[in-house]
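Work through the exercises below with the sequence and the 3D structure open. Try each task before reading its solution.

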Amino acid sequence: MALPKMYSYSVPEHMVGDIVVGVRVEVSLKNKLYSAIIAEVHSDLELTYKPKPVIAVLDKTPLVTSTQLKLWRWMADYYCCTVGEVMHIAMPSGLKLESETKVVFNGTFGEFVSVLSDDEYLVSEAVSIQNELTILQIQEILNKKTIFPVLRSLLDKRIISIKEELIEKFRPKTANFITLNEPYLSDSGQLTDAFDLVARSEKQTKALLAYVQLSRNKNFTLPVADVCSLAVTDSSAIQAMVKKNIFTITKQVLSRIHDKNHEANEIEAMLPLISQQILALSEIQNYLDQEKPVLLHGITGSGKTRVYAELIKEMLHHGKQTLYLLPEIALTNHMVERLKIIFGGDVLVYHSRINNQERVEMWNAVLLGAKIIIAARSGLFLPFSNLGLIIVDEEHDPSFKQSDPNPRYNARDAAIFLANLSSAHIVLGSATPSLESYSNAFANKYGLVNMADRYGNSVLPKIHVVDLREEYRDQGFKGLFSRELITSIENALINKEQVLLFQNRRGYSPAIYCQVCGWKAGCANCDVHLTVHKYFNDLRCHYCGSRAKIPDQCPACGNQDLIETGFGTEKIEEEIKELFPTALISRLDMDTAKTKLAFESIIHEFEERKIDILVGTQMITKGLDFENIALVGVLNADSILRYPDLRANERAFQLMTQVSGRAGRRAKQGKVIIQTYDPCHPVIIETMHHLYDRFFERESAERRQFIYPPYFRMIQIEFLHKNAATVSHAAALFADSVKKQIGNRLLGPATPGISRLRGQYIQLITIKMEKNAQIVAKVKKILLSERDKLRQVPDCKSVRVNIDVDPY
């Protein structure tokens, strides 16, 4: 439970010695039991309420470090939320305990038998047999969800009582192991006696032979599962030999997080450093010695990962921990595998897709000093005890920003603060740095290290821009593939090379409409069109997930000739199959790669050259490093450039540069074709000629002119409610009150481009202000105060107000 502020408890005298900051204690709140983290210890504190006593101390040593608590407090203050909200997303749910309600039998119910209802009798009889039952068990007995009237009646009759019990969610993973007993263990000559004892059982003989074979490497305590697997038998054979005193079975705790299949092979995996990498390492070390964050600006294929590996190796030498942050672990599995090959069992991986039990084990492993952690943004919250280095790879990626729930933090920025707290080094890396990071390097706040050449003989791809206005003059053009793109695909296939086709929109068509009456298929919950998905034969909303059947005719006028507009990856896949029927074609988007296994399967097939043409969304821009990609096609650059967002140009430059970088990663120069209706757009030209510095200068000038980050600070306030009039009223009240205090720094309220999502109407207020710490702190204080006041207005109590500091 995330409390809005700290809550104080008294400490019984016999617990005083065990109470330290960072341990969990059992406490009572609202008649339930919870585990709580001790954040502060006071000897003399004046309170307006009588504190409840701590019930029990749950940990012998702190589970949360003092550095973590400082980070939580900073995040709560910086991102306008509570420390409880930070704690809620920071800690694995397996460590956040709360009580379970149990029904306990009081001894007898005989005198009430005649007046009990059928349900009351069933519960009374069951609890008298079991002595205590959980609420869930009683619901199953009665086959009902609503059971509280029954419990209320039994409580009044004093047949049962209620108790709360703190439930431990974490369960260590265990397995049965066997060891050969004496005298067989120390005297192999007597093993014949053991074989004589099992001679009549083929299964037991095979199990004993399997044990002998597996123990040849001098490991005499073996998993029962391994022995049974080799012997092709079950555990009953082992149990029989235990009774014959041949084996002893013990239960051992197993790790869920250490991968035994990866042994370090540093010599094979670490390519020799080239002069550019040696120079980059020297410059990085120079800046780190000055205690400066470092921005490593290395073009795609320049060998940044090899530089990171060298820095990690240095940390291992000094016995320090490394946190390696990646935007999306599932999409960068190639990178994870490379680091596992180099560093073997020292590498642990932490992200949202691991289960709660694994999260707890990871937390404990890091607390005990695990050396290398590869993680998504949530890795920031792990309890590092000796952190020496943080690497933020692809630091520009928007996935590092959490959009919901609180705290709405940017992991890149929080990592800078964590490094400072931990006295650790930090390196940010990207082929297309964010304007925020590059401007900090430009202002000498960060050290800037450039890697402008590709590794070895590889060179940057040749980028061609196709003017689709010219293509439209050719009657054969349907709006998907230009003549140059088709010819280039043909040449790549002839040469047994692979092709990537990029369109940042999944589905078949983004909209379906009637050209007679103008009807369009829209989402019932959101202010957006439904996307056509022919593979699933339905219409889908990409925001709330609602679905509808594809109509045979217009529901408004009955017209049967409905038009599908635009195109997504599904339509591209269909049409490319018609153009190249013999090619092996696949698609990589959220529809085909919903799970990590599905994603890895497609990537593996592409790596094995079982796919000739891969169509995909931005998923194909991350982590692909394959030598046989000769051609990359960007089918519609304008859809990225025309997006209504202050960072549209920056995102477009980054996406097109990143996807272009997948081509020609080895000796042969790759080719990139960008299709656009605006070939003179500055971002297109800058991408085409790899002009990051020119892009930075031009975009910076525009940001300064229109008072945007990174040269000004920005906060966005979002108001949501199921009623449009209510949310407009609340936003207007809030804006009027705040504007009186901060003036023209406030813009809005305004209705966003998508005015309703998941049944909630939206209003936005934007605040742009100077990069002055005092002004920013004052504005945040005003916003929090006004949000609290708005909650006191009867008509606005149910309006949800989200404050997003540094929206990204």
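**Exercise 1. Where does Gln 553 lie, and is Gln 553 buried or exposed, or partly exposed?**

Solution. Step 1: Gln 553 is in the loop between β22 (547–549) and β23 (562–565). Helices (H or I, at least four residues) and strands (E, at least two) are DSSP runs, numbered from the N terminus. The model is predicted: local features need pLDDT of at least 70, side-chain atom pairs count only at pLDDT 80 or more, and totals for chains, interfaces and linings use all residues. Residues are numbered from 1 along each chain as its sequence is written, and side-chain values use heavy atoms, with hydrogens and water left out.

Step 1: The relative accessible area of Gln 553 is 39%, so this residue is partly exposed. The classes are buried (under 20% relative accessible area), exposed (over 50%) and partly exposed (in between), with a 1.4 Å probe and protein chains only.

Step 2: Leaving aside neighbours within four places in sequence, Gln 553 is in contact with Gly 558, Asn 559, Gln 560 and Leu 562. Contact means heavy atoms within 4.5 Å.

Step 3: Cys 514 is 39 residues from Gln 553 along the chain, and their C-alpha atoms are separated by 8.6 Å.

**Exercise 2. Describe the setting of Tyr 409.**

Solution. Step 1: Tyr 409 belongs to the loop between β14 (387–393) and α15 (411–422).

Step 1: Its relative accessibility is 1%, so Tyr 409 counts as buried.

Step 2: Not counting residues up to four places away in sequence, Tyr 409 touches several residues, among them Met 75, Tyr 79, Arg 377 and Phe 400.

Step 3: Tyr 409 and Val 805 are 396 residues apart in sequence, while their C-alpha atoms are 7.9 Å apart in space.

Step 4: Pro 407 is also placed in the loop between β14 and α15. The peptide bond from Asn 406 to Pro 407 is cis, with omega near -5°.

**Exercise 3. How are Tyr 438 and Phe 696 paired?**

Solution. Step 1: A pair of aromatic rings is described by the distance of the centres and the angle of the planes. Rings of Phe, Tyr and Trp (its six-membered ring) pair if their centres lie within 6.5 Å; planes under 30 degrees apart count as stacked, over 60 as edge-to-face and the rest as tilted.

Step 1: The structure holds 19 aromatic pairs. In the pair of Tyr 438 and Phe 696, the centres are 4.8 Å apart with 70° between the planes, and the pair is edge-to-face.

Step 2: Tyr 438 is in helix α16 (residues 435–442) and Phe 696 in helix α24 (residues 692–705), so the pair ties together parts that are 258 residues apart in sequence.

Step 3: Phe 442 and Phe 696 have ring centres 5.6 Å apart and planes at 55°, so this pair is tilted. Phe 442 lies in helix α16 and Phe 696 in helix α24, so parts that are 254 residues apart in sequence are tied together.

Step 4: Phe 442 counts as exposed at 65% relative accessibility, whereas Phe 696 is buried at 4%.

Step 5: Tyr 438, Phe 442, Phe 653, Tyr 692, Phe 695 and Phe 696 form one aromatic cluster.

**Exercise 4. At what angle do the axes of α22 and α24 cross?**

Solution. Step 1: The axes of helix α22 (residues 648–660) and α24 come within 11 Å and cross at roughly 165°. Axes are lines fitted to C-alpha atoms, for helices over the stretch in contact, and angles run from 0 to 180 degrees between N-to-C directions.

Step 1: This makes α22 roughly antiparallel to α24. Angles under 35 degrees count as roughly parallel, over 145 as roughly antiparallel, 65 to 115 as roughly perpendicular and the rest as oblique.

Step 2: On the α22 side, Asn 649, Glu 650 and Phe 653 meet residues of α24 including Tyr 692, Phe 695 and Arg 698.

Step 3: Asn 649 is buried, with a relative accessible area of 15%.
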